[in-house]
Amino acid sequence: MNVRLISILASGLSLIASNAEAICTMNEIEKPNTRIGVCRQQPGIASGFGCTSLLMKEQVADQFQQIELARRCGFNAEADKLEKFYNETTPYVASLYECIDTSVDLGDVEKKAKEEVAKKLISLAPGCPADLKDKMAKRLPKLIEIDEKSLAEMKDLAVKINLTPMPKK
């Protein structure tokens with residue numbers, strides 16, 4: 001999950017009284033404004049209704065690719081951490097996207113993201129060339145730090161707007 005996205009959401013939301021019946025407590029003005037702000041962050045994704053499903057596919061594909069590249073280069077412990085954060089953060093993100101836009105079919109999103117990543121990885125040289133291994137060694141600690149921060153911020157945001165993580169199917 002993108003830290004900039006979480007920061008925009010955390011700082012830009014005004015809260016209304018909690019309603020136990022609601023999925024989240026964002027009002028009808030905040031929801032489209034948040035959707036537009038979130039979707040505008042990704043080049044090539046229009047900020048119209050339904051944009052969060054496309055955005056989520058891009059985000060999930062990026063995370064899956066980082067996990068697979070880490071494994072390919074022998075950084076299994078780091079890949080496990082990235083996967084753990086993905087599994088913990090994604091239900092919050094899916095619920096948030098559903099709150100501000102339309103329902104996200106996480107199974108479909110993950111399937112499409114895996115297919116996209118498989119195509120990208122096939123186009124790369126087999127194994128883990130030295131330059132990729134060096135790049136991953138530098139990038140992985142930063143990614144883990146970002147994921148850890150994103151999870152904490154998503155949990156804080158969830159409390160503020162009465163958001164329940166979407167159960168994985």
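Mentor: A contact here means heavy atoms within 4.5 Å. The model is predicted, so local features need pLDDT of at least 70 and side-chain atom pairs pLDDT 80 or more, while totals for chains, interfaces and linings use all residues. Residues are numbered from 1 along each chain as its sequence is written, and side-chain values use heavy atoms, leaving out hydrogens and water.

Trainee: Of the contacts with a separation of 6 or more, what share comes from residues 24 or more positions apart?

Mentor: Take the contacts in the protein with a separation of 6 or more. Residues 24 or more positions apart account for a share of 78%.

Trainee: How many helices and strands does the protein have?

Mentor: Helices (H or I, at least four residues) and strands (E, at least two) are DSSP runs, numbered from the N terminus. Along the sequence the pattern reads α-α-α-α-α-α. The count is 6 helices and 0 strands.

Trainee: Are α2 and α4 parallel, perpendicular or oblique to each other?

Mentor: Helix α2 (residues 30–39) packs on helix α4 (residues 76–100) at about 125°, and their axes are 8 Å apart. The angle runs from 0 to 180 degrees between N-to-C directions, with axes fitted to C-alpha atoms over the stretch in contact. Under 35 degrees counts as roughly parallel, over 145 as roughly antiparallel, 65 to 115 as roughly perpendicular, and the rest as oblique. The relation of α2 to α4 is therefore oblique.

Trainee: Which residues of α4 make the contact with α2?

Mentor: On the α2 side, the contact is made by Lys31, Thr34, Arg35 and Val38. On the α4 side, the residues are Tyr97, Cys99 and Ile100.

Trainee: Is Gly44 buried or exposed?

Mentor: Gly44 sits in the loop between α2 and α3 (51–72). Buried means under 20% relative accessible area, exposed over 50%, and partly exposed in between (1.4 Å probe, protein chains only). The relative accessible area of Gly44 is 85%, so Gly44 is exposed.

Trainee: How far apart are Gly44 and Leu54 in space?

Mentor: In sequence, Gly44 and Leu54 are 10 residues apart. From C-alpha to C-alpha, the distance is 9.8 Å.

Trainee: What is phi of Asn162?

Mentor: Asn162 lies in the segment after α6 (130–160). At 26% relative accessibility, Asn162 counts as partly exposed. Its phi is positive, in a residue other than glycine, and lies near 60°.
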